Amino acid sequence: MQNLIENIDFLNENELMREEVKTTADHNSGNKRKLYIESYGCQMNFSDSEIVASILHKEGFDTTSDIAEADLIFLNTCSIREKAEQTVRNRLNHINGLKKKKPEMMVGVLGCMAERLKTKLLEEEKIVDLVAGPDAYRDLPNLISQVDDGSKAVNTFLSREETYADISPVRLNSNGVTAFISIMRGCDNMCSFCVVPFTRGRERSRNPQSIVAEAQDLFDRGYREVTLLGQNVDSYKWSEEENNKARLEKKEVNEIVHFADLLERVAQIHPDLRVRFSTSHPKDITDNVLHTMAKYENICKNIHLPVQSGSSRVLELMSRGYSREWYLDRVKSIRNILGEECGITSDMIAGFCTETEAEHQETLSLMEKVQYDFSFMFFYSERPGTLAAKKYSDDIEVDVKKRRLDEIIKKQTELSNNRNQLDLNKIHRVLIEGYSKRSSDFLQGRNSANKVVIFPRGNKKKGEYVNVYVESCSSATLFGKIVA
Ligand code: SAH
Ligand code: SF4
Ligand code: F3S
């Protein structure tokens, strides 16, 4: 999911891992106990860490970016691929060393790995004191006091209702310009390779008023871009059932709100507030959403539409709910309604169970047809408990998976270059996010299609919009100069 499109030079990466790590920034308001939190996996997890920080702030914890001064260390974890879990295990080993020097330090595992492994984590990783799944964060104060009293604490209860709608996140690592807003939780799709429905539970949508209020508040505080997050934003639905519940509780009642309606409401907050969203699902994305995007200048023209495979037979085995032809038809609609300029990005899995060489070629040919701007690319990693693990054999040799992945990465690099060429000698509207990573003489921001644009600073600063004339590019970045 998520537009994690960072300025990555993926020629240097064997596997484009989404398992990047983010640690907390300092947030000091004189509280006594210090929380250090590290987030792995997707943007939903990063967003959840901000909810956790908010809940614990009220309990007397400030966040710190210095692990050595922490009283409480949280790893907010990811289970999507085996490698993601291995990364966390290695990190816990390292933290074990710290805990030997400071035994009173509390160590907790949150997120998807906590949900998947539950109490096993306490047995396997002896240093872990606390385990909390994605729907159990309101219980953290209670879990922490159990640990304070000398016992281990676990809550991995998955909820059908929890959306943390009323919790105002403490923005961690914020550039003060862009922020993420979770609009739903869980996933009901049950793609056969995917662990998310097991770790995040049933899909539920968050109350639209609380989403709009959060976006408005961010805008009022100077933020200029929000990304609406969900595993499948196209199935966002604030339903009658919820309205009925509201009626019983004598609250205000709304009609049914679909994703296109929500998008429109957020876009109407202010023309200077950019709106992005992720992830769209090929089986559910509607023309309605595309028309809403076309109607509002401030809804960014970029769609993350993960295809996973270009072969209809493999897609069927993956239980994705669409065929190659259906997918290509959706892309045609995007091009018809939003034009050639709209960015399209994807996720790809190489070497799924029984995938033949010809089917792999179909993935490459689909990529060529769509002309993706960017993709996150992985080789298949079997996850315990999923339908694929139970029903199909993980029969593609690792060497073959890696070779196919390399071919996919090579293809994507070529396509990214093609697409960036089309951006040359044009003016792009860029929202400035801060200094470029290499030099404070340069600023960086993104264009509507979510591409990183770097240009000499002039007298501009972050949070402002500028027009940039793009003169050159690499496969991951556009370079240019500010024009009037
Ligand atoms: N909800 C999003 C995906 C979230 S997971 C969607 O449906 O598109 C992010 C990506 O991780 C997936 O799109 C997929 O490409 C990859 N992924 C998920 N499970 C995987 C597995 N078992 N092995 C390899 N890649 C996997
Ligand atoms: Fe996983 Fe499929 Fe749900 Fe995406 S839509 S999170 S791939 S089950
Ligand atoms: Fe996200 Fe990883 Fe969980 S991708 S939903 S943190 S398994």
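**Helix packing, domain by domain**

The domain assignment of the chain gives domain 1 (16-155), domain 2 (175-240 + 254-300), domain 3 (303-422) and domain 4 (427-483). Please keep in mind that this is a predicted model. For a sense of scale, the C-alpha centres of domain 1 and domain 4 are 35 Å apart.

Let's start the tour with helix 13, which spans residues 357-370. What is the angle at which the axes of helix 13 and helix 15 cross? They cross at roughly 15 degrees, and the axes come within 10 Å; helix 15 covers residues 398-423. Angles under 35 degrees count as roughly parallel, so helix 13 is roughly parallel to helix 15. Their crossing is right-handed. On the side of helix 13, the contact is made by Glu357, His360, Gln361, Thr363, Leu364, Met367 and Glu368. Helix 15 brings Arg403, Arg404, Glu407, Ile408, Lys411, Gln412, Glu414 and Leu415 to that contact. Sorted by class, the contact of helix 13 with helix 15 holds seven charged, four polar and four nonpolar residues.

Helix 13 has another partner to visit, helix 12 (residues 324-338). Here the axes are 11 Å apart and the packing angle is about 15 degrees, which means that helix 12 is roughly parallel to helix 13. The crossing of helix 12 and helix 13 is right-handed. Helix 12 takes part through Arg324, Tyr327, Leu328, Val331 and Arg335, and helix 13 through Glu362, Ser365, Leu366, Lys369 and Val370. By class, the contact of helix 12 with helix 13 has five nonpolar, four charged and one polar residue.

While you are in this area, have a look at Ser319, in the loop between helix 11 (312-317) and helix 12. Ser319 is not a glycine, yet its phi is positive, at about 55 degrees. Most residues other than glycine have a negative phi, and most peptide bonds are trans.

The peptide bond from Ser278 to Thr279 is cis, with omega near 10 degrees. Thr279 sits in the loop between strand 14 (274-278) and helix 10 (287-295).

Next comes the pair formed by helix 7 (residues 208-220) and helix 9 (residues 259-267). Their axes are 9 Å apart and they pack at an angle of about 30 degrees. Helix 7 and helix 9 are therefore roughly parallel to each other, and their crossing is right-handed. Pro208, Ile211, Val212 and Ala215 of helix 7 meet Leu262, Arg265 and Val266 of helix 9. How do the residues of the contact of helix 7 with helix 9 divide by class, and what is the number of each? Six are nonpolar, one is charged and none is polar.

A search of the whole structure finds 41 salt bridges. One of these salt bridges joins Asp148 and Arg33, with the closest N and O atoms 2.9 Å apart. Asp148 lies in helix 5 (residues 140-148) and Arg33 in strand 2 (residues 33-39), so the pair ties together parts that are 115 residues apart in sequence.

Methods
Residues numbered from 1 in each chain as written. Chains lettered and ligands numbered in written order. Predicted model: local features only at pLDDT ≥ 70, side-chain atom pairs only at ≥ 80, totals over all residues. Heavy atoms only, no water. Domains from an automatic or database assignment. Axes fitted to C-alpha atoms, helices over the stretch in contact; angles between N-to-C directions. Helix = DSSP H or I, 4+ residues; strand = E, 2+ residues; numbered from the N terminus. Parallel < 35°, antiparallel > 145°, perpendicular 65-115°, else oblique. Left-handed = near helix turned anticlockwise from the far one by under 90°. Contact = heavy atoms within 4.5 Å. Nonpolar A, V, L, I, M, F, W, Y, C, P; charged D, E, K, R; others polar. Salt bridge = Lys/Arg side-chain N within 4 Å of Asp/Glu carboxyl O.
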